Structures are given as C-alpha cells and as structure tokens.
Amino acid sequence: MKIALNSLAKKFFSLRKDHYAVKNLSLEINDKDFFVLLGPSGCGKSTTLNLMAGLEKPTSGEISFNDKIVASPAKKIFLSPKERNIAMVFQNYALYPHLNTFDNIAFPLKILKMNKTDIKKSVEQTADILKLSHLLKSKPNELSGGERQRVAIARAIVRKPDLFLLDEPLSNLDARLRTSTRAELKKLQRRLNVTTVYVTHDQVEAMTLADKIAVMNNGKIEQVGTPDELYDNPANIFTASFIGNPPMNIFKTKIMEQNNSFFIQIGNTKLKLGSVAK
Ligand SMILES: Nc1ncnc2c1ncn2[C@@H]1O[C@H](COP(=O)(O)OP(=O)(O)OP(=O)(O)O)[C@@H](O)[C@H]1O
Ligand SMILES: [Mg+2]
C-alpha cells in the first residue's frame, strides 16, 4: 500500500502549553517499502505513526492510503483504526498477561469472528514463521523479552495487514538480541511484502533496516532519502550530525578566494578547495 501525508499537523492542548507535535509534514511512502521515521526523543515520531494508525486525529492536513483519503479534517473524513487494516506493534508489547501465546496471536482473528479451524491454521503458520511453535502454551510471564517481542509481532501480522506500523519495537531488548531480531524483522518484511513504517531514535537501526529514512526534528522533516543518500549527502547540519557513528565533526570556517582559487580556513590551517562552480 502506498501512503501519502499531506501538510499534516497535530496540535496538542495540554496544561503545559498548546503545541504542535507534528507540523506541516508531507511525505510519500512507496508500496512495499520499509520506511523508517528517525529522530530524537520528542520530535513527533510516535504522533506521526499514531496519526497513520488512526489513534490520533490530525488538526489539519490529509492522509491517504492508495490515493483514498483516510483522514482529512477539512473534508470531515476520518477512518477508525479498524477500518484501515493496519497492524501496530508498540514499544511495550502490550500482550494479554492471562492469555497464552496461541490465544494472544489468535486474538485479532477471534475479533474478526474467523472460524476455529482457520484460526488454528493461521496461528500455527505465523508461529512457525516467528519460531514460536514450541511456546504456544506459555503465558507472557514465562517468556523472555525477545520471545514476547516475537509474539507481539506475530499477533500483528497474523491477519495480513495492508500496513505494518512499528513503534520502537526492539528498544526493550538487549543489544545482541536487538541485532538478531532486527535481521529477522527485515527478512520477515521482505517475505510478507507489506509496506512498513518503523519508528526509532537509533540511527544504526534506521541505516540497517530502511529502504528509505525520514529524519525528523521538532515535528518536521529535515530530509528524506535512502540510507546512502543521507550518509553521503546530508541536506543540513541536523542530518549530518544525527547520522553516522562516530558522528560527523562540524567546524565553523571561513571561505575565501585568492587568485581564482577558493580556500577554507580552519584554525591556522588553510585548505585549498577543488574547482568550485560559480
Ligand atoms: N497526548 C499528548 N498531549 C500533549 N502533548 C503530547 C501528547 N503526546 C505527545 N505529546 C508531545 O508531543 C511531542 C511529540 O511526542 P511524540 O510522542 O510523538 O515524540 P517521539 O518522537 O515519539 O519521542 P520518543 O522518541 O521519546 O518516543 C512531545 O513534545 C510530547 O510531549
Ligand atoms: Mg515515541
């Protein structure tokens, strides 16, 4: 599914102060892409994801799925999450503690009133994909963090969504497990071929997973591009200092021209620049 966000804004009214969590945000996400929203804490990533899911209503702007508008205050259109056929995985997996793995994965199918035989088949297939077949009878408190994570993902994909939304799904895992689950997730997305939007503040995660990344700051988009494009040609200092490990060093310099050549001066060092287009 192809997603378009058009001048999207979300204003929160709170005791602290009214403010825009997302401001004038426009974005296109191609069908089947693994798309990452990357940015520091508080920049509006979760809000953007919640707007796509229908968990928040935009203050202004438009969201379309395959050219069909799903949210537009101006046109008085708002489709509920249920009507959007999306699946979402939250940072704190939110599994049902009293249900075992099978019933947690089966839950969305029961809501859809699917018959028992089909539910069993779908749950077993999905459990197999996520290597959970031996854990179907375990309750969440008997599972490790990584296993719980996989149950949450299984529950999300079991009903074949058109759009998969993931909000920092790996942040509760230890570093090693995070790396291996990340690789599994990428493989899974390729196999399911479902458009995926993934939120993270971790640039390494973004660089390894994404077909395309949108770098966000202060409710706005700084730059959209492939990992290589952002790394090789950052559009501004924000992207340049956010991407790369260790981060890029930024110097204030003077540029000068002498005898038709250009130089930059850093401290006492003068460096000649290559030919500069005038
Ligand atoms: N329900 C709300 N009411 C008021 N302000 C909110 C609400 N939800 C989010 N905000 C504010 O909107 C801004 C963006 O929040 P959001 O949760 O989208 O950030 P984020 O990029 O997901 O951050 P993090 O990486 O910490 O999860 C923040 O300043 C936050 O305090
Ligand atoms: Mg968030």
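Start with the whole chain in view: among contacts (heavy atoms within 4.5 Å) between residues at least 6 apart in sequence, 60% join residues at least 24 apart. This is a predicted model, in which local features need pLDDT of at least 70 and side-chain atom pairs count only at pLDDT 80 or more, while totals for chains, interfaces and linings use all residues. Residues are numbered from 1 along each chain as its sequence is written, chains are lettered from A and ligands numbered from 1 in the order in which they are written, and side-chain values use heavy atoms, with hydrogens and water left out.

Still with the chain selected, its C-alpha trace spans about 80 × 45 × 35 Å along the principal axes. Switch to a cartoon to find eight helices and 14 strands, taken as DSSP runs (H or I of at least four residues for helices, E of at least two for strands) and numbered from the N terminus. Of the 278 residues, 44% are buried, that is, under 20% relative accessible area with a 1.4 Å probe, protein chains only.

Next select residues 101-111, helix 2, together with residues 116-129, helix 3, which pack at an angle of about 130° with their axes 10 Å apart.

Finally, show side chains where the two helices meet: Phe102, Ile105, Ala106, Leu109 and Lys110 of helix 2 are in contact with Ile119, Lys120, Ser122 and Val123 of helix 3.

Conventions: Axes fitted to C-alpha atoms, helices over the stretch in contact; angles between N-to-C directions. Buried < 20%, exposed > 50% of the residue type's maximum accessible area, 1.4 Å probe, protein only.
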